[in-house]
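Subject: Structure handover

Hello,

Here is the structure I promised to pass on. Please open it alongside this email. My notes on what turned up follow below.

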Amino acid sequence: MADLDALVDQLSKLTILEASELVKKLEAKWGVSAAAPVAVAAAAPAGAQQAAAAPAEEKTTFAVYLKEIGPNKIAVIKEVRAAIAGLGLAEAKALVEGAPKLLKDGVSKEEAEEIKKKIEAAGAKVEIK
């Protein structure tokens with residue numbers, strides 16, 4: 001193994017021109033470029049700034065989850081049937097009894113808030129994600 005301390009001492013004695021010539025010879029011998037990592041390092045902060053400056057996309061669709069049915073199961077079933085078009089009584093009952101369950105997905109924030117308000121008024125706990 002090479003004596004690294006002696007190598008460091010020899011490199012420390014090089015002038016700038018000699019160090020530059022050494023870099024060129026090492027680049028030619030190893031087939032690498034010392035300039036590439038510097039260019040990438042300089043470009044990375046600019047890219048990071050762009051990513052940070054880009055505004056986060058605002059969520060436009062939401063999912064409504066029934067977390068707990070609460071003490072008034074029948075009222076909750078009624079509100080769930082009202083919230084989900086075409087849902088039969090047996091399906092609504094199974095959905096409510098299987099809580100926590102996804103009630104409705106891909107709805108607007110206003111619709112999700114309205115569903116939550118009505119079902120929570122019936123005594124259940126609802127979560128919007």
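Helices here are DSSP runs of at least four residues, numbered from the N terminus. Please keep in mind that this is a predicted model.

**Start of the chain**

By that numbering, Leu-22 is found in helix H2, which covers residues 16-30. Leu-22 has 30% relative accessibility, so it counts as partly exposed. Leu-22 also belongs to a nonpolar patch on the surface.

**The core**

Now to the inside. The largest nonpolar core has 20 residues. Those touching the most other members are Val-64, Leu-66, Val-76, Val-80, Ile-84, Leu-103 and Ile-119. E1, H4, H5, E2 and H6 each supply at least two residues of this core. H4 gives the largest share, 4 residues.

Leu-66 deserves a look on your screen.

Which residues of H4 are buried? They are Val-76, Ile-77, Val-80 and Ala-83. Seen down the axis of H4, these buried residues fall within an arc of 125 degrees, so they line one face of the helix. The face of H4 turned away from the buried side carries Ile-74, Lys-78 and Ala-82, which are exposed. The cover over the buried residues of H4 includes E1, H5, E2 and H6.

H5 has its own buried set: Ala-92, Leu-95 and Val-96. Seen down the axis of H5, they fall within an arc of 95 degrees, so they too line one face of their helix. The buried residues of H5 pack against E1, H4 and E2.

Next comes the loop between helix H5 (89-97) and strand E2 (101-107), where Ala-99 is found. Pro-100 is in the loop between H5 and E2 as well. A cis peptide bond joins Ala-99 and Pro-100, with omega at about 5 degrees.

Is Ala-99 buried or partly exposed? Its relative accessibility is 24%, so Ala-99 counts as partly exposed. Buried would mean under 20%.

What does Ala-99 touch beyond its neighbours within four places in sequence? Its contacts there are Leu-66, Lys-67 and Ile-69. Lys-67 is 32 residues from Ala-99 along the chain, yet their C-alpha atoms are separated by 5.7 Å.

**Salt bridges**

Side chains of opposite charge can pair when their charged atoms come close. This structure holds 6 salt bridges. Three of them are picked out below.

- Glu-68 and Lys-125: the closest N and O atoms are 4.0 Å apart. This pair links distant parts of the chain, with Glu-68 in strand E1 (residues 62-68) and Lys-125 in strand E3 (residues 125-128), 57 residues apart. Glu-68 is partly exposed at 44% relative accessibility. Lys-125 is partly exposed at 48%.
- Lys-73 and Glu-97: the closest N and O atoms are 2.7 Å apart. This pair also links distant parts of the chain, from Lys-73 in helix H4 (residues 73-83) to Glu-97 in helix H5, 24 residues apart. Lys-73 is partly exposed at 31% relative accessibility. Glu-97 is partly exposed at 40%.
- Glu-114 and Lys-118: the closest N and O atoms are 3.3 Å apart. Both lie in helix H6 (residues 109-121), 4 residues apart, about one turn of the helix. Glu-114 is partly exposed at 45% relative accessibility. Lys-118 is partly exposed at 44%.

One more point on the charges. Lys-73, Lys-93 and Glu-97 are linked in a network of salt bridges.

Best wishes

Note on methods
Residues are numbered from 1 along each chain as its sequence is written. This is a predicted model: local features need pLDDT of at least 70, side-chain atom pairs count only at pLDDT 80 or more; totals for chains, interfaces and linings use all residues. Side-chain values use heavy atoms; hydrogens and water are left out. Patches are made of residues with over 30% relative accessible area and no salt bridge: like charges are joined within 9 Å, nonpolar side chains (Val, Leu, Ile, Met, Phe, Trp, Tyr) within 5 Å. Accessible areas come from the Shrake-Rupley method with a 1.4 Å probe; for residues, only the protein chains shown count as cover. A salt bridge is a side-chain nitrogen of Lys or Arg within 4 Å of a carboxyl oxygen of Asp or Glu. Buried means under 20% relative accessible area, exposed over 50%, partly exposed in between (1.4 Å probe, protein chains only). Contact means heavy atoms within 4.5 Å. The arc is that of the directions from the helix axis to the C-beta atoms. A nonpolar core is a set of buried Ala, Val, Leu, Ile, Met, Phe, Trp, Tyr and Cys residues joined through side-chain atoms within 4.5 Å.
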